[in-house]
Amino acid sequence: MNRLNNNSLESLEYLKELCEKEIISWPIDFEFYQASKTQLEETLKYWFGNEAWSSSGDSFIQFGKDASGSMFLLWFYPKLKTEPPVVFMDSEGDAYLVSSSITEFVKQMASGFLFFSGSWIEPDSKEKKELDWTLLKKLVNEHFGIKHINPEELTKIAKLNHPSFSDWVKSKI
């Protein structure tokens, strides 16, 4: 069973609150969304084309999606000893390890960069005007007691601390 510690639960609630208050909104292509276990298992069966993804004891909790239906998930794998990492499975069949935890993911979202195709990119001039990036950064920085976040650096740290998610996905397809 997927068990989230208090830190992960609190960070999920905080992310949900930021979305409900529309502090996180377009152009950040993220909607807080929690699928039921049954819905997620059915979606993953379709995404992988089989049920082999669950054969090694891995499991997921979906907490978000983007406009195309791509999924943001917490990944529980058998040797996990820390908080579950955030992974992204897109609607085109690509999969990426994004962050070491939901807390780190919230920090990445407040970095002023957008997640796209496995990377964090700078928003264009129009996108910079569509969201109050300063407010988002201020609130997240105050909440977590941070000053500066490099989202790509957090992804690199996640890759050092967790198995290759894309390799795991390839082994299950």
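In helix α2, Leu40, Leu44, Trp47 and Phe48 are buried, where buried means under 20% relative accessible area, exposed over 50% and partly exposed in between, with a 1.4 Å probe and protein chains only. These residues cover an arc of only 80° around the axis, so they sit on the same side of α2. The arc is that of the directions from the helix axis to the C-beta atoms. The model is predicted: local features need pLDDT of at least 70, side-chain atom pairs count only at pLDDT 80 or more, and totals for chains, interfaces and linings use all residues. Residues are numbered from 1 along each chain as its sequence is written, and side-chain values use heavy atoms, with hydrogens and water left out.

The face of α2 turned away from the buried side carries Thr38, Glu42 and Tyr46, which are exposed. Helix α2 has 12 residues. From first C-alpha to last, α2 reaches 16 Å, close to the 16 Å expected at 1.5 Å a residue. The expected span is 1.5 Å times one less than the number of residues. Helices (H or I, at least four residues) and strands (E, at least two) are DSSP runs, numbered from the N terminus. Just after α2, Gly49 takes a positive phi of about 85°. The buried residues of α2 pack against β2, β3, β4, β5 and α7 (165-172). Contact here means heavy atoms within 4.5 Å.

The strands form an open sheet of five, in the order β1-β2-β3-β4-β5, with antiparallel pairing. Two strands pair if DSSP finds at least two bridges between them. Strands β1 (31-32) and β5 (95-99) stand at the edges, each with a single partner strand, so one side of each has no neighbour in the sheet. Two bridges join β1 to β2 (residues 59-65), and these strands run antiparallel. Phe32 has Gly64 in β2 as its bridge partner. Helix α2 (residues 37-48) packs on this sheet, and its direction makes about 100° with that of β3 (71-76). Axes are lines fitted to C-alpha atoms, for helices over the stretch in contact, and angles run from 0 to 180 degrees between N-to-C directions.

Strand β3 pairs with β2 in the antiparallel sense over six bridges. Strands β3 and β4 pair in the antiparallel sense over four bridges. Leu74 stands opposite Val86 in β4. Six of the six residues of β3 are buried. Met71, Leu73 and Trp75 point one way, and Phe72, Leu74 and Phe76 the other way.

Helix α1 (residues 6-20) has 15 residues and reaches 21 Å from its first C-alpha to its last. Its buried residues are Ser8, Ser11, Leu12, Tyr14, Leu15, Leu18 and Cys19. They fall within an arc of 165° seen down the axis, so they line one face of α1. On the other side of α1, Asn6, Glu13 and Glu20 are exposed. The buried residues of α1 pack against β1, β2, β3, α3 (102-109) and α5 (133-144).

The largest nonpolar core has 55 residues. Such a core is a set of buried Ala, Val, Leu, Ile, Met, Phe, Trp, Tyr and Cys residues joined through side-chain atoms within 4.5 Å. The residues with the most contacts inside this core are Leu15, Phe30, Phe60, Phe63, Phe105 and Phe165. Strand β3 gives the largest share of the core, six residues.
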